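Thanks, everyone. Let me put the model up, and then we'll walk through confidence, core and surface.

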Amino acid sequence: MSARQKKCFLALSLLCVSIVVMAESNNKSIEPSTTFGLSGLGLTNAELFGGFKGLEIIPGVESRFLLYTGGGYYGDSYWRDAAGTKLPYDSKDAMFNKWAVNARMGLELGILYSGWVERNSLTANFFVKTLYNNNIKKEGKNEAIFSSGVPDAEGFWKSSLFTGLDFDLVSYDRFTQSYYGAGIKGSVEWTPGLAFNRLYGEADYYRLNTELKGFLPLWRNSTSAFYIADRFAADYLGGAVIPSYAQRTLGGLYQEYGAGGFIRGIPVGSNDADVKLLNNFELRMTFPTFIGYLLIPELFTFFDTGLIDNKDYKLMAGDVLYTLGGGLKTHLYYSIPGIIDLKFTLGYYVTYDVRNRRWNILNFIIGTDHF
């Protein structure tokens, strides 16, 4: 790490601290309130958040200072052999398990408030992020990750600085469980090659990410809706040491699956890349609820596409991914105003991988929509 990079890292850290101090100084007459909740839940993992809301760096627009922390036991996969050649999708050596712990601390800076969506429409994020992964090697197994030679073959512990801008005018209608509106966000994340990013594994890279999404109602009344949903994501990685985990995922404040996973019907974690251009297109139709507003069914069909490199920064026509499919979801919604607002989605769908002529009939939705 050069002296210039160290100075830049120090300057960004001081900026985050200064913003928090400025928020406190601007709120001498305001009593910030605490906030906490559950931000993620899986069968073997969970994530909580807590912090302070009510900060007004920009008058009339609320900001929040938050700490997210969580972890658990996860499944993962690495889809290359020791020579770096991609494994076939039916390989038994790609899958492995891991323990992981993560934390994010920083400021959600409110910039603009929108009366139309009744919340902040423009938010800037300044966070310090850390993630620890310990890959588990099982006796008698030949998991490809352990013979790969990648910097995070055994696992890693990395910390980074994250800044992003989020413009969101997406509204949600709880009576029909449908969305409408549009949003765009972009971010820069820097994981510097300093000593603390070489303690376990090694990392020295940066990530640029942007995401656009939109929801267009074709027909909607008080009980049902038919609408178009689309999401596009672009992700770019650069730097001296890029771990495989970064190539298998997408950037953003909340880490997401990369091409494998974002493109439904493609195995999760597959198609690692430094450059990713990905898109989800859906037609969704929700139906009248039954049992009050507790259960709301939905039919959907989708077409997912992606263009990725082969860790060489070259986008070739042969690297196009495209799948299609459809299924059924049931939205469970329960609300006690001012106390709880619970949304949970269960569903099933089938996919067809057009490029590889491959059906996948065992796909389940547990927790949330794909986007």
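First, a term: pLDDT is the predictor's confidence in each residue, from 0 to 100. We need it, because this is a predicted model. The protein's average pLDDT is 90. At least 70 is reached by 90% of the residues. Over residues 14-30, pLDDT stays under 50. The model gives that stretch 16 contacts beyond four places in sequence. Where pLDDT is low, predicted coordinates should not be read in detail.

On to the inside. The largest nonpolar core holds 21 residues. Those with the most contacts inside it are Tyr-78, Ile-145, Phe-262, Leu-278 and Ile-308. There is a second, separate core of seven residues, including Val-170, Tyr-179, Tyr-227 and Phe-371. Back to Leu-278. Beyond four places in sequence, its contacts include Phe-262, Ile-263, Leu-307 and Ile-308. Arg-231 and Thr-305 are also among them.

Next, strand E2, residues 45-58, where Lys-53 lies. Beyond its sequence neighbours within four places, Lys-53 touches Pro-32, Ser-33, Thr-34 and Thr-35, among others. Glu-62, Ser-63 and Arg-64 are also in contact with Lys-53.

Last, the surface. A nonpolar patch there covers about 880 Å². Among its residues are Phe-344, Tyr-348, Trp-359 and Phe-364. Two or more residues each come from strand E16 (340-353) and strand E17 (358-367). Which strand gives the most? E17, with five residues. Tyr-348 sits in E16. Tyr-348 counts as partly exposed because its relative accessibility is 35%, between the 20% and 50% cut-offs.

Methods:
Residues numbered from 1 in each chain as written. Predicted model: local features only at pLDDT ≥ 70, side-chain atom pairs only at ≥ 80, totals over all residues. Heavy atoms only, no water. Contact = heavy atoms within 4.5 Å. Core = buried A, V, L, I, M, F, W, Y, C linked by side-chain atoms within 4.5 Å. Buried < 20%, exposed > 50% of the residue type's maximum accessible area, 1.4 Å probe, protein only. Helix = DSSP H or I, 4+ residues; strand = E, 2+ residues; numbered from the N terminus. Patch = residues over 30% accessible without salt bridge, like charges linked within 9 Å, V, L, I, M, F, W, Y side chains within 5 Å. Areas by Shrake-Rupley, 256 points an atom, 1.4 Å probe, with all protein chains shown as cover. Salt bridge = Lys/Arg side-chain N within 4 Å of Asp/Glu carboxyl O.
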